[in-house]
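Okay, thanks for making time, everyone. Today I'd like to talk about aromatic rings and who pairs with whom.

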Amino acid sequence: MAAVEITLLPMLDDNYAYFLVDPATGTTGVVDPAEAAPVLAHLGGRRLDWILLTHHHADHIAGVPELKELTGARVAGPRSERQRIGSMDLELGEGDGFSFGEQPVAVLETPGHTRGHISFWFRTGDAVFCGDTLFALGCGRLFEGDAATMWRSLGKLAALPDATRVYCGHEYTLSNARFALGIDPGNEALRRRAEDIERLRAAGQPTIPSTIGVEKATNPFLRPADPAIRKQLGLEQASDAEVFGEIRRRKDRG
């Protein structure tokens, strides 16, 4: 089966939505549209079948009413955020799955940034759309959850195959890289990646997608068990969740 085709659609100041096409059926969709206009321009008269939502924040759903009105697309999103998102055609939670054309999609509940946040894993396409849970070299702020909750959610994503491409909600990678180097300064893979990110952003290029394998090797938010990070933070005897929480607090202060 051919993998789902994915196009990045920059929106607002630093958001990404993602336009999807299943090659076998022509089924189309968009993930987390903050605005309708870029999606409509990319459609160019084609139909839009699905709008996939990871969570309720306005910078991920504001384009939905106009898109639904103009295209008749069906909306799929987190069941537990129905009251804040509004009417959805397909409400989803942990363990649910559906078919995007011929693409099987698994739903992971990944709360922490919001209480009902979900991620969409396209199993055969080696892609996960994780909204504001996992970023390239970062993770989302804990607006509606605690460190232990977010750490469990990140664990679900880290357990996906290393080749899984990570499509997150924002282009935060440059600032995340600079922060990460202060937490994990001896990580040569991180240092090389940070140099690549500097070059990409200087050229106006996106840093997305990453992969799960790359994130596990370089993202400090997925590496609280690493002895060097624990020593850097002075938390050699703490739990992984506690170390993660301290990393998140330092990022919030920065």
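Let's start with two phenylalanines: F221 and F244 are both buried. Bear in mind that this is a predicted model. So what kind of aromatic pair do F221 and F244 form? An edge-to-face one, with 6.0 Å from centre to centre and 70° between the planes. The edge-to-face label applies because planes over 60 degrees apart get it. As for where they sit, F221 is in the loop between α8 (212-218) and α9 (227-233), while F244 belongs to helix α10 (residues 240-253), so the contact ties together parts that are 23 residues apart in sequence.

Okay, zooming out. By the pairing rule, the count here is 12 aromatic pairs. One of them is F129 with Y167: the ring centres are 5.1 Å apart and the planes are at 20°, so we call this pair stacked. F129 comes from strand β10 (residues 127-131) and Y167 from strand β13 (residues 165-168), so here the pair ties together parts that are 38 residues apart in sequence. Buried or exposed, you ask, for F129? Buried, at 1% relative accessibility. Y167 is buried too, with a relative accessible area of 4%.

Ring pairs link F129 and Y167 with Y16, Y18, F100 and F122 into a cluster.

Which residue lies over the face of F179? That's K251, at 5.8 Å from the ring centre.

Okay, that's my bit, over to you.

Note on methods. Residues are numbered from 1 along each chain as its sequence is written. This is a predicted model: local features need pLDDT of at least 70, side-chain atom pairs count only at pLDDT 80 or more; totals for chains, interfaces and linings use all residues. Side-chain values use heavy atoms; hydrogens and water are left out. Rings of Phe, Tyr and Trp (its six-membered ring) pair if their centres lie within 6.5 Å; planes under 30 degrees apart count as stacked, over 60 as edge-to-face and the rest as tilted. Helices (H or I, at least four residues) and strands (E, at least two) are DSSP runs, numbered from the N terminus. Buried means under 20% relative accessible area, exposed over 50%, partly exposed in between (1.4 Å probe, protein chains only). A charge sits over a ring if NZ of Lys or CZ of Arg is within 6 Å of the ring centre and within 35 degrees of the ring normal.
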